[in-house]
Protein chains: 2
Amino acid sequence: MTTISVDAMGGDEGPGVVIGGASLALTRHPDLSFVFFGDEAIVAPLIDADPRLKERARLIHTDVAVSMDAKPSQALRTGRYKSSMWKALEAVKTGEADVAVSAGNTGALMAMSKFCLRTFPGVQRPAIAAIWPTRRGESVVLDVGANVGAEAGQLVEFAILGGAMAKALFGLERPTVGLLNIGIEEVKGLEAVREAGQALREANHPEIDYRGFVEGTDIGKGTVDVVVTEGFSGNIALKTAEGTARQIGDYLRAVMSASLRAKLGYVFAAPAFAALKRKMDPRRSNGGVFLGLNGTVIKSHGGTDPIGFAAALDLAYDMARNNLQGKVAEGVAALERLRPAVSQAEAVE
Amino acid sequence: MTTISVDAMGGDEGPGVVIGGASLALTRHPDLSFVFFGDEAIVAPLIDADPRLKERARLIHTDVAVSMDAKPSQALRTGRYKSSMWKALEAVKTGEADVAVSAGNTGALMAMSKFCLRTFPGVQRPAIAAIWPTRRGESVVLDVGANVGAEAGQLVEFAILGGAMAKALFGLERPTVGLLNIGIEEVKGLEAVREAGQALREANHPEIDYRGFVEGTDIGKGTVDVVVTEGFSGNIALKTAEGTARQIGDYLRAVMSASLRAKLGYVFAAPAFAALKRKMDPRRSNGGVFLGLNGTVIKSHGGTDPIGFAAALDLAYDMARNNLQGKVAEGVAALERLRPAVSQAEAVE
């Protein structure tokens with residue numbers, strides 16, 4: 001049995017989306033159980049309306065909800081120890097739940113996660129990993145915004161953390177890893193990226209297969225299973241891809257309604273367009289994974305709907321079932337053993 | 001009359017693409033004239049084959065061509081003063097040409113451009129600007145890879161340079177400018193980006209209308225006319241968007257050929273798909289503009305064809321006709337007058 005603790009108050013739309021998503025996820029994974037944290041007056045009737053969910057759910061009342069636009073420091077001040085977000089994280093800390101999910105404010109969730117769960121021993125900074133649909137399938141991309149900037153050692157850690165997630169998510173033995181850079185020649189790019197590349201090459205880490213630098217075009221190609229970068233460029237890459245997909249969707253709609261002939265073609269090809277829409281649906285890859293903490297936390301997009309929230313719950317389920325934390329521990333332990341070699345590589349650089 | 005100096009030896013495919021592109025561009029702009037630099041034995045027959053082009057072109061023989069994979073230092077060592085690339089730049093320096101175009105090695109072209117043309121007085125570092133198709137039309141995005149990292153003062157300069165290009169390209173009086181960041185709240189992002197934002201807001205520059213931070217999704221939306229970022233994240237954003245567009249194109253082809261019904265729809269909607277293909281054609285926005293030098297240099301994609309190279313020549317024509325250099329001078333002069341205010345803003349931060 002897998003238990004997910006859920007911040008029922010997170011997200012732009014609130015508990016309706018969260019509980020609706022839980023109902024959907026339960027249909028797919030009948031062995032799931034939930035601990036919801038939130039305002040009983042609002043959440044209880046929603047759970048009561050689904051008897052099947054009610055049987056698999058506990059609701060714990062909380063008075064405080066973290067606002068979507070609170071700064072992390074403010075959220076910690078007003079929401080620590082008592083908010084629905086904090087309580088969901090605490091359930092992972094105490095072992096009551098296997099993984100926590102929230103559609104709340106990203107900065108607040110990361111700040112609280114660090115405070116409540118603490119950084120995994122041997123990791124300097126947690127990262128947020130996204131699942132990126134590619135031409136080959138899916139890849140893991142991190143960091144997509146937990147940190148701005150990263151030193152070589154942190155990029156090496158991100159490679160290990162992303163590798164652990166790719167193992168848990170795709171069932172791979174030794175996922176391929178690339179460092180995002182602006183050219184494939186060794187001379188180019190940020191010094192930290194070059195240093196991390198040298199360290200990863202020399203370390204020859206047993207859990208990941210380092211393949212060198214990759215460029216922006218390689219992400220969508222699926223050249224590697226794990227794409228590693230610092231959070232500023234990772235976040236910009238992610239949002240630029242989202243924007244480009246939406247832009248092309250707009251173009252497509254515009255040309256398909258511009259003439260009678262195109263409209264007729266659209267009618268014939270309607271099932272094909274529906275398939276394309278499903279494939280490009282951002283809800284399918286909803287859920288950022290917080291990596292490098294003593295416990296797994298999944299961040300759902302704040303503006304999603306029940307289908308999207310269910311995808312984040314599916315991801316949480318997979319991460320717990322496939323023992324993400326155990327795989328992180330293996331990766332970090334191997335890194336620790338290799339650390340002298342890594343440090344030496346950095347010193348030589 | 002506008003004269004373009006052209007490195008006839010640049011690009012993956014060499015002179016055939018370059019001369020073919022020049023023929024196309026001349027059809028659209030009959031007042032164009034060209035000075036080609038390259039190996040006479042290869043280039044002269046290509047020009048001779050098009051009598052109309054021959055009438056508007058001079059060819060100057062060069063023995064040396066910069067290789068596509070030469071490092072910038074190596075290219076300078078072997079190609080300075082004598083390569084087709086150098087000679088094309090020198091023609092701008094001497095005033096023989098209004099603008100130079102090359103499809104050669106980007107790093108070498110930037111290194112030679114700096115060495116030959118020198119940085120514009122008052123500018124710290126040149127940048128490469130791309131034209132980005134958006135839902136609203138087109139935007140200028142810079143820097144897309146000339147520099148890795150940028151301090152606040154350099155980002156402010158990029159804003160001025162990009163503004164000058166938007167004025168020349170779109171005929172705007174006071175283009176809107178945004179700083180690329182990972183959140184719209186003032187608290188987020190890199191310190192340099194925050195400082196640049198404060199300086200731009202306080203400067204209230206007469207030539208640009210600063211609109212604050214924008215995110216990756218805003219680029220494709222066309223939220224602002226000019227998107228400013230440092231070269232690492234700018235290059236990653238550009239290539240990620242390219243990769244995403246190709247990926248969606250692949251999806252679309254796959255679904256439209258997956259069933260007889262979809263294929264039939266495709267036949268009906270063929271003109272619509274052709275229009276979409278034209279709209280998404282990367283050749284249409286081929287050409288990076290080197291900004292902040294004493295002269296305009298356009299970098300064509302190395303792997304393009306005559307249609308793409310002609311687009312880079314069209315861009316060169318527009319930049320020369322619309323007096324890009326004059327607009328850069330105006331922007332930098334206004335910045336110089338405001339500089340005390342800008343420095344103060346940085347000091348306060």
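Predicted model: local features only at pLDDT ≥ 70, side-chain atom pairs only at ≥ 80, totals over all residues.
To the contact, domain 1 of chain A and domain 2 of chain A contribute 14 residues each. On the side of domain 1 of chain A that touches domain 2 of chain A, the elements giving two or more residues are strand E10 (288–291) and helix H13 (306–321) of chain A. The most come from E10(A), which gives three residues. Sorted by class, this side of domain 1 of chain A holds six nonpolar, seven polar and one charged residues.

Leaving aside residues up to four places away in sequence, A:Met165 touches A:Ala129, A:Val140, A:Val289, A:Leu291 and A:Leu324. In soluble globular proteins, nonpolar side chains tend to be buried together.

In chain B, strand E2 (residues 32–38) is largely enclosed by the rest of the structure, because six of its seven residues are buried. Strand E1 (residues 2–7) of chain B runs parallel to E2(B), joined by six bridges; B:Val6 has B:Phe36 of E2(B) as its bridge partner. Together with helix H1 (residues 15–28) of chain B, E1(B) and E2(B) form a right-handed β-α-β unit. E2(B) also pairs with strand E3 (residues 57–61) of chain B, in the parallel sense and over five bridges. Here the bridge partner of B:Phe34 is B:Ala57 in E3(B).

Conventions
Residues numbered from 1 in each chain as written. Chains lettered and ligands numbered in written order. Contact = placed C-beta atoms within 7 Å. Helix = DSSP H or I, 4+ residues; strand = E, 2+ residues; numbered from the N terminus. Nonpolar A, V, L, I, M, F, W, Y, C, P; charged D, E, K, R; others polar. Buried ≥ 20, exposed ≤ 12 C-beta atoms within 10 Å, placed from the backbone. Pairing = 2+ DSSP bridges. Right-handed = clockwise from strand over helix to strand, strands pointing away.
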